[in-house]
Every structure is written in C-alpha cells, then in structure tokens.
Amino acid sequence: MERLGRKNAGRQRASVFFLLFAGDTGYSPDFRDIGARFGGFDLALIPIGAYAPRWFMHAQHVDPEEAVRIFRTCTRAIGIHWGVFELADDPLDEPSACGSRTSRGPSA
C-alpha cells in the first residue's frame, strides 16, 4: 500500500491519497482487513490476468471474480496485468468480459 501526500493549491493542509498496488497476488481476506484498518483505498490497481489454471495460479494472480471482491473495498479500481502477454491458460481478453459480468452481480 502506498500513502501519497498531496498539498492542495493555496491551502496549508495536506490531503492523503491511499493507493493499493497489489502487484502479483492471490486473493485473501487481507485486502478487506487492510482496507478496514486504513479506512479504505482511494484507488486500487489489481492484477486480473494470467490466472488459469486456478490450481496453479491462485496464489499469484486473482481471477475476475476475486478482483471484483477487491474492487468493492475501494473507491476506484483499475484492472491491470491482463491482455498483453500469454502467460497462462486464460484468453487475453477474458478478464475484461468476465469482470463486466461479475461486477453486475450474480444474476448477470
């Protein structure tokens, strides 16, 4: 987690912006716990590609459903680490399509 300070133009008070850069990570309750401890994240950069097969990649990269669970702990989030290189068994464009369906909820 990065804590970025930024001075507001013309003001003495500094504001704080919480950025979560997850890097290569699998899902765990730690995202929820860290968000709760620090009052949430303003922006999260979440890896959502190269996640298949799950038995092998679950500890390295989250899948789209797990990414949405992390996104829900943030004000804003951007999916990263997908659509560039074929590193695993999931198609390059699958994270985007799956994430869209998953973010709409179970009925989608």
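D63 is buried, with a relative accessible area of 15%; buried means under 20% relative accessible area, exposed over 50%, and partly exposed in between, with a 1.4 Å probe and protein chains only. D63 sits in the loop between α2 (54-57) and α3 (64-71). Helices here are DSSP runs of H or I with at least four residues, strands are runs of E with at least two, and both are numbered from the N terminus. The structure is a predicted model, in which local features need pLDDT of at least 70 and side-chain atom pairs count only at pLDDT 80 or more, while totals for chains, interfaces and linings use all residues. Residues are numbered from 1 along each chain as its sequence is written, and side-chain values use heavy atoms, with hydrogens and water left out.

E66 itself belongs to helix α3. E66 counts as buried because its relative accessible area is 16%. The side chain of E66 makes a polar contact of 2.8 Å with the side chain of R54. A polar contact is a pair of N or O atoms within 3.5 Å; within protein, one must be able to donate a hydrogen and the other to accept it, and residues adjacent in sequence count only if both atoms are side-chain atoms. With neighbours within four places in sequence left aside, E66 is in contact with Y27, R54 and H61.

The chain has 108 residues, of which 38% count as buried. Among its contacts between residues at least 6 apart in sequence, 60% join residues at least 24 apart.

Strand β3 (residues 41-47) is mostly covered, with six of its seven residues buried. Strands β3 and β4 run parallel and are joined by six bridges; two strands pair if DSSP finds at least two bridges between them. In a regular strand the side chains alternate between the two faces of the sheet.

I46 is buried, with a relative accessible area of 0%. Leaving aside neighbours within four places in sequence, I46 is in contact with L20, A22, V62, A67, I70, F71, I78, G79 and I80. I46 and W82 are 36 residues apart along the chain, and their C-alpha atoms are separated by 10.0 Å.

The loop between β3 and α2 holds two backbone features. Most residues other than glycine have a negative phi, and most peptide bonds are trans. A50, found in this loop, has a positive phi of about 55° although it is not a glycine. A50 is buried, with a relative accessible area of 7%. P53 lies in the loop between β3 and α2 as well, and the peptide bond from A52 to P53 is cis, with omega near 5°.

V84, F85 and L87 make a nonpolar surface patch of about 360 Å². Patches are made of residues with over 30% relative accessible area and no salt bridge, with like charges joined within 9 Å and nonpolar side chains (Val, Leu, Ile, Met, Phe, Trp, Tyr) within 5 Å. A salt bridge is a side-chain nitrogen of Lys or Arg within 4 Å of a carboxyl oxygen of Asp or Glu. L87 lies in the loop between β4 (74-80) and α4 (94-103) and is exposed, with a relative accessible area of 57%.

A36, in helix α1 (residues 30-38), is also exposed, with a relative accessible area of 61%. The C-alpha atoms of A36 and T73 are separated by 8.4 Å, while the two residues are 37 residues apart along the chain.

Notes. Contact means heavy atoms within 4.5 Å. Accessible areas come from the Shrake-Rupley method with a 1.4 Å probe; for residues, only the protein chains shown count as cover.
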